Amino acid sequence: MSATEMAKASIAAPTNRQSEDFLTSSVFDELGMQRDPNNLYLQVIDSVLRAAEYLEIPHHLQLILAQPKNEIMVHFPVRMNDGEYRLFKGYRVQHNNILGPYKGGVRFHPDVHLDDVKALSALMTMKCSLVRVPYGGAKGGCKVDPRAIDRDELMRVSRRFIAAISNVIGPDIDIPAPDVGTNAQTMAWFADTYMNISGSVSRQDALRVVTGKPLEMGGSLGREKATGQGVVDVLVELLPDMGIPIEGATVSLLGFGNVGSWMARLIADKGAKVVAVMDHTGAIRNDEGIDVVSLAEHVEETGGVAGFGASHGDTRTGRHTQAGADAVSEEEFYRTPVDVFVPAALEQMIDEEKAGWLECKVVAEAANAPTTPVGERLLQKRGIEVLPAILCNSGGVTVSYLEWVQNKQSVQWDLERVDSTLNKHMVLAARRTQLAQHRFECDMRTAAYIAALEQIAKVYALRGIFP
Ligand code: NAD
């Protein structure tokens, strides 16, 4: 069987991951973890341990990887504009640093919980290893709604948060970046605060403490679109092997923020057709293809995709034009027949019900952990291939690494160099995953974890355990 035939066969009948074999590792008992299938952290560690079993990784390494190295929780007061003080809670979880300094974004969201941050930190360990950037995994979070406070308050929260964790981060120790609710401006405040309070490194070197900075402050060209670009690089590499030519491929997209909107524009440039989009404001559909550049402008102006059909539709007939789209229900959105469905919103949105609605051949996980275990099981039963998040969305951390390298050398690369280096990392990660899938005859998620874990296990074997 050729690689193409094998890939096609794997779409038709991917290996089933049964509920009975979910959270089965004895490591969960040894570490006293309760087997809760809805717990995001346990879901991620289950994938790690499943891959570890395929690779027959030593038991002590399984124990090490099942728990983060450090879980830091901080509380800090901030004076609000009304003169009152509010106490905020923040987290920094450092999962593993065998491959290099800890690396991972900081999320500002009112519903951030320790277990979510732990899960995202473990995903970072796997992502960095899969794309072969010399970093470990970490993640941070602060319980705050950035849209509910004003800019000055947000700046003070950002500065106090980074000050509170300043003794555990550093340009060669742990390097935060943006995530949901934070952006280049937040990184500018983080960097400036750290530069002012860390006495141990030069101010110039201290800039490397965060990535995703504004271009004028040492940011990299191509960082803003990097995650969406990485998803497209993976699809361009893998879809043809699955019998889906990228030119003319149809795509539906859940989430039209940073990752989703860039992914949409970049895949449209490759000749694919985005036919349905949903975000927190509503869902739209146009089987002729949505003009995603106009949609991005509409979202910039209005804050969401809702109303796009109306504003770009034919006002005489009330029907959509080529550039517009019809407003559809959530269920209609999910049931839109497409080649590729891309979740690019929040975690755990593709549950059993949504998995039953989807009419696609491939799910490309642009968001972190968007599929629940039961949702994934149903997708697999229905012959829908899932390309996992640790592969699809690792473009962001890859260009963060390139930013850090440029800062270290005090140079700025042109966009072409950033894009082509990112592409090499993404293509090799996709091939590593494909190879592991063929070697171990497993699903793509397990294959991606195997390809990531193999590297980590080799380094542990070489270094040994101190002392
Ligand atoms: P974002 O905040 O820019 O966009 C989030 C999108 O999700 C928005 O379009 C929002 O409308 C939509 N959304 C939120 N709630 C929704 C709901 N209930 N129903 C439908 N849509 C909803 O965030 P982002 O940076 O694009 O990140 C998206 C995902 O990708 C997250 O899981 C994030 O962790 C992951 N990710 C982001 C990056 C990055 O570089 N930004 C890197 C790796 C992974």
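Biologist: How many helices and strands does the protein have?

Modeller: This is a predicted model, in which local features need pLDDT of at least 70, side-chain atom pairs count only at pLDDT 80 or more, and totals for chains, interfaces and linings use all residues. Residues are numbered from 1 along each chain as its sequence is written, and side-chain values use heavy atoms, with hydrogens and water left out. Helices (H or I, at least four residues) and strands (E, at least two) are DSSP runs numbered from the N terminus, and on that basis the protein has 19 helices and 12 strands.

Biologist: What radius of gyration does the protein have, and what would a compact globule have?

Modeller: The radius is taken over C-alpha atoms, and the globule rule is 2.2 Å times the number of residues to the power 0.38. Because the protein has 467 residues, a compact globule would have a value near 23 Å, and the protein agrees with this at 22 Å.

Biologist: What percentage of the residues of the protein count as buried?

Modeller: Buried means under 20% relative accessible area, exposed means over 50%, and partly exposed lies in between, with a 1.4 Å probe and protein chains only. Of the 467 residues, the share that counts as buried is 57%.

Biologist: Is Arg92 buried or exposed, and with which side chain does the side chain of Arg92 make a polar contact?

Modeller: Arg92 lies in strand β2, which covers residues 85-96, and Arg92 is buried because its relative accessible area is 0%. A polar contact is a pair of N or O atoms within 3.5 Å; within protein, one must be able to donate a hydrogen and the other to accept it, and residues adjacent in sequence count only if both atoms are side-chain atoms. At 2.6 Å, the side chain of Arg92 makes such a contact with the side chain of Asp174.

Biologist: Which residues is Thr336 in contact with, leaving aside its neighbours within four places in sequence?

Modeller: Thr336 sits in the loop between α13 (330-335) and β10 (340-343), and it counts as buried because its relative accessibility is 1%. A polar atom of its side chain lies 2.9 Å from the backbone oxygen of Glu332. With contact meaning heavy atoms within 4.5 Å, the residues that Thr336 touches beyond those neighbours are Val275, Ala276, Arg285, Asp287 and Glu359.

Biologist: Which backbone nitrogen does the side chain of Asp443 reach?

Modeller: Asp443 is found in the loop between α18 (415-440) and α19 (444-463), and since its relative accessibility is 5%, Asp443 counts as buried. At 2.9 Å, its side chain reaches the backbone nitrogen of Thr446.

Biologist: Is Glu441 buried or exposed, and what is its phi?

Modeller: Glu441 lies in the loop between α18 and α19, and it is exposed because its relative accessible area is 64%. Most residues other than glycine have a negative phi. Glu441, a residue other than glycine, has a positive phi near 50°.

Biologist: Where is Glu56 found, and what is its relative accessible area?

Modeller: Glu56 has a positive phi of about 50° although it is not a glycine. Its place is the loop between α3 (40-55) and α4 (59-65), and Glu56 counts as exposed because its relative accessible area is 68%.

Biologist: What is the omega of the peptide bond from Phe466 to Pro467?

Modeller: Pro467 is in the segment after α19. Most peptide bonds are trans. The bond from Phe466 to Pro467 is cis, with omega near 10°.
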